[in-house]
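Dear colleague,

Please find below the structure that I am handing over to you. My notes on it follow directly after.

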Amino acid sequence: MEVLLSLIVILPFLSSMILGLSYLIDEERKLGNTYYTYIAVGVPVLITLFSFILIAHMFPQSSDTTLYAHLFNWVSVGSFTIELSFMLDRLSLVMISFITFIATLIHIYAVGYMREDEGFGKFFAYFNFFLASMLLLVLASNPIILFIGWELVGLASYLLIGFYHKEHSNITAANKAFIVNRVGDFGFIIGLGVLFITLEGQGFSFEAIQNGIGGLSSSTLTFVGLMLFVGAMGKSAQIPLYVWLPDAMAGPTPVSALIHAATMVTAGVYMVARFGFLYNEIPDIGLFIAYIGAFSALAAALMASFERDIKKILAYSTMSQLGYMFIAVGLGAYGAGIFHVFTHAFFKALLFMGAGAVIVALHHEQDIFKMGNLRKHLPKTFITMLIATLAITSIPPFAGFFSKEAIINHAYLSENYTLWVMAIFTAFLTAYYMFRLIFVVFMGNVQREYSKLQPLGRWMSIPLIILAVGSATVGFLGIGHGFGNFIALPDRSIEDVAHNTEYILMGINITVALIGIVLAYRLFGTLATPPKADIPFKVFIMRKFFVDEFYDRLFVRNIRGLSSFFDRVVDAKIIDGVFGGLSLGYIEVGKLFNSFQNGTVRHYATYFIFGVSLMSLGLLFLLEVK
Amino acid sequence: MTPENFLYLAVVLFAIGLVGIMLRRNLFVVYLSIELMLSSVNLILATFARVQGDMGGGIIALLMIAVIAAEAAIFLSLIIYIYRTTKTVDSKRITKLANQEEK
């Protein structure tokens, strides 16, 4: 079992290296797509099988069973060691199972999506590399290795966002994602550093931290918890570090599906759940996290309601759903949070893949108001996307209903009514903007002539269907807290409530979603008109709350000004002045001595005589001749 | 005749030689100045040999005269060679040792 566990991480790293090297060596592109496909899809299939074997192995055992696979000691100083080892408990088991499964499907889909791209091999080298890094992140047995995985997924994300590197705006988007993440990672590494110092070398595996945390003061814990969450803000696109996510849609659609919807962006939620024992000590920070999540969810839902780009709508909805997850983990409902991560991975990957299918069919058109009435042309895509949309709007019995309901109810039952209202309102908006997308893209009476729609290949349609089945059914795992009990995270308990209250809450959730759908139908069901920025409120939202402009003023311009100050004044005047002056001095001194070396024998003889005279005088003094 | 007079003569000859090397530009004159200085040294050696009553100094002086003769042959042939290549015996114009670019 240990071997399987380490192979899950090692194999994709190996395959990505092989793919990358093949792509580099094969400059004439003689290796066909088939060669790359075998490796790039074969490895995810294999590790999915491994993770299923591990599930079968772990399932019957008690909930605190943890499987370790120790590879080697990476750092070993005195009694302190950092091991490269993998840890499989129930939390990481759930994470690897859906990551490998969904990644396999998206890899298969990507074979169809990318088949005409020149950089086919390069794409899959990056894609496998991402998968390996993500698995390293979730299987790490100590925060240092987790941080390595954390950085590597950031790198993979950067490489893939900028995959279409011939357009300048894509490169800007990739840089933005990387830099904003860097801000978050800075907080993360400070948090880890403080935690490490205050633990005073009691070991730094998650187990050791859990044992040693009791001795820390609450102010230290608060600081560490806050700093770690700053890292999560960056990676999981929460206010105020969310600005990179919409721009990240510049990458190929499978990238958006895998990295910016299903897996990488949930790393922050995973991290908070992994440090659940720490956050249980500091419920105030938990509440702060929950509020950040709620505001992010609401803001993203508002922005999504007025967006026109199909992928950006989905990006905002991802951010919004991540907000829900943070409400859950912030309030200590780790099981519910991870359950939403789990179901969200299915339906959001499906939504992106459906959007990708639409985009491919329409030859890279992304504006939803240039689509319409597509249900007749793309029936498979329509049905699968409809299922995913029903899942995200939490209509029973689709997957999202169970997980989202658990979160919203938890907010109510833990007596955070403000959070509850925000969550409910966001749920309404979610239903509205998702069905707006469905109505505008697939319904409507728009008679539009589509010039030669690209047919959906088998590579792309089969993953869609499998994920649609998943989106419709995985929610049943959560019935009767089944999922939460299985994953056995240290949830902060709340009082059990009467069934009546639960039914009422469930009713409210469904009603709100239905109102959203009806509103979307009334506005967009028959005739779709693009949103106009006519009243100040709409302008405010459609310009994304002016956050980009604000950051531009506050950070980008100031830093640019500072850089140009250093370039023009400090570097050109001060530093160059010093070194220029120094070298000028050397030249002048050289010129001074140069005149002595004029090659004239007479002068040399003169120096010679002076020298000998001096030496003679010296000798006279030394020998004390009177 | 006291030994001091010989020594004074030697010093005067040596000084003339020095000044000649430093100030004159004709290589032949420079060569003559060098010879003058060597001769003054010889004179000193011979004088001290006589004063001390030790023939060692005289022998060295004789050997030196032989060496100077050999050296004269080399020196003169060098000057002729320099004249052939540069068409001058003016030491000021023979500056091949200096930085060529500064010309």
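How many residues does the contact take from chain A, and how many from chain B? It takes 9 residues from chain A and 12 residues from chain B, two residues being in contact if their C-beta atoms, placed from the backbone, lie within 7 Å. The side of chain A that touches chain B has 3 nonpolar, 5 polar and 1 charged residues. In this classification Ala, Val, Leu, Ile, Met, Phe, Trp, Tyr, Cys and Pro are nonpolar, Asp, Glu, Lys and Arg are charged, and the others, Gly among them, are polar.

Please note that this is a predicted model, in which local features need pLDDT of at least 70 and side-chain atom pairs count only at pLDDT 80 or more, while totals for chains, interfaces and linings use all residues. Residues are numbered from 1 along each chain as its sequence is written, and chains are lettered from A and ligands numbered from 1 in the order in which they are written.

The two chains

Chain A has 24 helices and 2 strands, helices (H or I, at least four residues) and strands (E, at least two) being DSSP runs numbered from the N terminus. Its C-alpha trace spans about 125 × 65 × 55 Å along the principal axes. Of the 626 residues in chain A, 49% are buried; a residue is buried if 20 or more other C-beta atoms lie within 10 Å of its own, exposed if 12 or fewer, and partly exposed in between. Among contacts in chain A between residues at least 6 apart in sequence, 82% join residues at least 24 apart.

Chain B has 3 helices and 0 strands, in the order α-α-α from the N terminus on. The radius of gyration of chain B is 17 Å, well over the 13 Å that the globule rule gives for 103 residues, so chain B is more spread out than a compact globule. This radius is taken over C-alpha atoms, and the rule is 2.2 Å times the number of residues to the power 0.38. The C-alpha atoms of chain B fill a box of roughly 55 × 25 × 20 Å along the principal axes, and 15% of its 103 residues count as buried.

A helix pair in chain A

Helix 10 (residues 253-262) and helix 15 (residues 334-361) of chain A pack at an angle of about 160 degrees, with their axes 9 Å apart. These two helices of chain A are therefore roughly antiparallel, a term for angles over 145 degrees. Residues in the contact include L258(A) and A261(A) of helix 10 and F352(A) and I359(A) of helix 15. The residues of this contact divide into 11 nonpolar, 3 polar and 1 charged.

Two loops of chain A

Most residues other than glycine have a negative phi, and most peptide bonds are trans. The loop between helix 8 (218-235) and helix 9 (244-247) of chain A holds P240(A), and the peptide bond from I239(A) to P240(A) is cis, with omega near 5 degrees. A237(A) lies in the loop between helix 8 and helix 9 as well and has a positive phi of about 55 degrees although it is not a glycine. A237(A) counts as buried, with 31 C-beta neighbours inside 10 Å.

In the loop between helix 16 (379-392) and helix 17 (399-413) of chain A lies P397(A), and the peptide bond from P396(A) to P397(A) is cis, with omega near 5 degrees. S394(A) is found in the loop between helix 16 and helix 17, and its phi is positive, near 55 degrees. With 26 C-beta neighbours inside 10 Å, S394(A) counts as buried.

With kind regards

Technical notes. Axes fitted to C-alpha atoms, helices over the stretch in contact; angles between N-to-C directions. Parallel < 35°, antiparallel > 145°, perpendicular 65-115°, else oblique.
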